[in-house]
Amino acid sequence: MTTLSQIIAPGQPAVTAAGPGPATEPVLSLRDVRISDRVTDREIVHGVTFDLTPGKAVGIVGESGSGKTLTCRAALGILPAHFEVSGGSIEIAGTDIATLTSRQWTALRGATIGAVFQDPASYLNPSIRVGAQIAEVLRAKQGLKRRAARNRAVELLRAVRLRDPELVYGQYTYELSGGMLQRVLIAAAIAVEPRTLIADEATTALDVTVQAEILDLLAELRERTGLALVVVSHDLAVVAQLCDEVLVMKQGDVVEHGPTRAVLHDPQHAYTRLLIAEHNQYGLEKFLAPKEAS
Ligand SMILES: Nc1ncnc2c1ncn2[C@@H]1O[C@H](COP(=O)(O)OP(=O)(O)OP(=O)(O)O)[C@@H](O)[C@H]1O
Ligand SMILES: [Mg+2]
């Protein structure tokens, strides 16, 4: 089970202290990353390569089981127990994470990379007020005093556009909607000011309107703070809305990779064409459904 502190890593200004590189230096760089199941010795992800620079967004789409989540987990250093990166390299702000001790990795990860997933509730403790959980992250990872941590947590809840941040601070997970919980998780993820945020199906469980609001929020954070995004989604529309570049995965292979506009308008691979056709058909069905009902 992944805990909040695993996806919201300790905030030690490891990278910024060393001096941020030029704006074009990748914050995250995957080179032919391969992931294998150690038990069966089977390679599941057969080489993923992309660079993410500040303020950019890379999308990963593809069928269920194609390795999107494993790729994200590899970048976060939280692969399930029996999986390993069996080839290639992952660099975070220019440092190959394979060369780090777990302590160095923890320190580096804090200021560099955070994540939100599909099931926000499972990363929060149901018996502690949500605001207090964010304040605790700030106290533990950034050394803020109690009052400063509380104030900053309220500020963060406001920054993710929760309407009444003071009220939400004192609420429990069961009192909040899915969209509100995802905002709380995003607030916690950006609390330690990571340069990259991985959103793995972060809006999939939400209804369409709330999904659009969360996507707007991610776009705004990206615009305002230069946050770089990795966006994993089944929904091509999500990727089209947010991402500069897209990777299409099928059975562990990247079958297509390019600027979003080019890939969606002029897909080169049959599987990408199929995804686009399915999306168009699905979109059309959604559009026709109310008419049939009336
Ligand atoms: N914890 C795990 N234990 C065993 N097998 C796993 C685990 N996580 C992933 N796998 C296997 O690895 C492969 C890739 O899984 P992954 O979760 O990366 O797919 P995905 O592209 O994210 O799919 P989805 O769109 O359904 O989220 C799948 O075949 C899956 O069965
Ligand atoms: Mg997944």
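This is a predicted model: local features need pLDDT of at least 70, side-chain atom pairs count only at pLDDT 80 or more; totals for chains, interfaces and linings use all residues.

Biologist: How do strands of a sheet pair?

Modeller: In general, strands of a sheet pair through backbone hydrogen bonds, and they do so either in parallel or in antiparallel fashion. In this model, an open sheet of 6 strands runs in the order β6-β7-β8-β3-β9-β10, and its pairing is mixed. The edge strands, which each pair on one side only, are β6 (113-116) and β10 (253-259), and from one strand to the next the twist averages 15°.

Biologist: In which sense, parallel or antiparallel, do β7 and β8 pair?

Modeller: Strand β7 (residues 196-200) pairs with strand β8 (residues 228-232) in the parallel sense, over 5 bridges, and if you look for T196 you will find that T196 stands opposite A228 in β8.

Biologist: Turning to the ligand, which residues come nearest to ligand 1?

Modeller: There are 13 residues around ligand 1, of which S64, G65, K68, T69 and L70 come nearest. By class, this shell has 4 nonpolar, 7 polar and 2 charged residues, and helix α3 (residues 68-76) gives the most to the shell, with 3 residues.

Biologist: What lies 2.7 Å from an oxygen atom of ligand 1?

Modeller: That is a polar side-chain atom of K68, while a polar side-chain atom of T69 lies 2.8 Å from an oxygen atom of the ligand, and for S66 a backbone N or O atom lies 3.1 Å from a ligand oxygen. Taken alone, ligand 1 exposes 630 Å², and the protein buries 62% of that.

Definitions and conventions: Residues are numbered from 1 along each chain as its sequence is written. Chains are lettered from A and ligands numbered from 1 in the order in which they are written. Side-chain values use heavy atoms; hydrogens and water are left out. Two strands pair if DSSP finds at least two bridges between them. Helices (H or I, at least four residues) and strands (E, at least two) are DSSP runs, numbered from the N terminus. Axes are lines fitted to C-alpha atoms, for helices over the stretch in contact, and angles run from 0 to 180 degrees between N-to-C directions. A residue is near a molecule or strand if one of its heavy atoms lies within 4 Å of it. A polar contact is a pair of N or O atoms within 3.5 Å; within protein, one must be able to donate a hydrogen and the other to accept it, and residues adjacent in sequence count only if both atoms are side-chain atoms. Accessible areas come from the Shrake-Rupley method with a 1.4 Å probe; for residues, only the protein chains shown count as cover. Ala, Val, Leu, Ile, Met, Phe, Trp, Tyr, Cys and Pro count as nonpolar, Asp, Glu, Lys and Arg as charged, and the others, Gly among them, as polar.
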